[in-house]
Amino acid sequence: MEQVIKNLPKLAKDKHNENKKYFDKLKKKAPKNIDYIMQELHDQEFKKTDCLKCANCCKTTGPLFTLADIERISKHFRQKPQQFIDQYLRIDEENDYVLQSVPCTFLDAENYCMIYDVRPKACREYPHTDRKKFQQISNLTLQNVAICPAAYNIVEEMKKRMPL
């Protein structure tokens, strides 16, 4: 797994132009059943992918924290939302709440999330490959294939299953 993660940015970079062209075409003319196919590809990939062996998303990127996330997580810690913000978060250039640093503060040595049951929505939905109207998040997906081996595999399979 270490080797796969190490090679992923280069693999994604090598496929970037191909993937970008594919997603540009997909935006213009997405198959009617794209949501169904994406759900199937996502489910197939995550039957064989164990996120605990990787956790590259938690090690290299931080999620956005919505106000609902902040409320839920601060309640879990028995803190006031502002205390949680002050302790763990900062505001990024797009005015979103994000972690002060990566790897994620809440990732333990065995790649377990210490706040799994109350984790941010962005973490629950990552890598967003089963999202409805998937073609609308192509820029996010192009970023995620360089971080998540499962997202990379799903996009490669997608190009085979839905050639454009």
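**Domains, sheet and helices**

Mentor: The centres of domain 1 and domain 2, taken over C-alpha atoms, are separated by 25 Å. Keep in mind that this is a predicted model.

Trainee: Which residues go to domain 1 and domain 2?
Mentor: The domain assignment gives 1-19 + 35-41 + 125-163 for domain 1, and 63-123 for domain 2.

Trainee: Now the sheet. What is the strand order?
Mentor: The order is β1-β3-β2 in an open sheet of 3 strands, with antiparallel pairing. Strands β1 (64-65) and β2 (89-91) each have a single partner strand and stand at the edges, so one side of each has no neighbour in the sheet.

Trainee: How many bridges join β1 to β3?
Mentor: There are 2, and the strands run antiparallel. Phe-65 is opposite Tyr-97 in β3.

Trainee: And which helix packs on the sheet?
Mentor: That is α5, residues 81-88, which touches β1, β2 and β3. The direction of α5 makes about 85° with that of β2.

Trainee: Different topic. At what angle do α1 and α8 cross?
Mentor: Roughly 40°, with the axes of α1 (residues 2-28) and α8 (residues 149-161) coming within 10 Å. The two helices are therefore oblique to each other. Their crossing is left-handed.

Trainee: Which residues in α1 and α8 meet there?
Mentor: From α1, they include Val-4, Leu-8, Leu-11, Lys-15 and Phe-23. In α8, Tyr-152, Val-155, Glu-156 and Met-158 are among them.

Trainee: How many residues of that contact are nonpolar, polar or charged?
Mentor: The contact of α1 with α8 has 12 nonpolar, 1 polar and 4 charged residues.

Technical notes. Residues numbered from 1 in each chain as written. Predicted model: local features only at pLDDT ≥ 70, side-chain atom pairs only at ≥ 80, totals over all residues. Heavy atoms only, no water. Domains from an automatic or database assignment. Pairing = 2+ DSSP bridges. Helix = DSSP H or I, 4+ residues; strand = E, 2+ residues; numbered from the N terminus. Contact = heavy atoms within 4.5 Å. Axes fitted to C-alpha atoms, helices over the stretch in contact; angles between N-to-C directions. Parallel < 35°, antiparallel > 145°, perpendicular 65-115°, else oblique. Left-handed = near helix turned anticlockwise from the far one by under 90°. Nonpolar A, V, L, I, M, F, W, Y, C, P; charged D, E, K, R; others polar.
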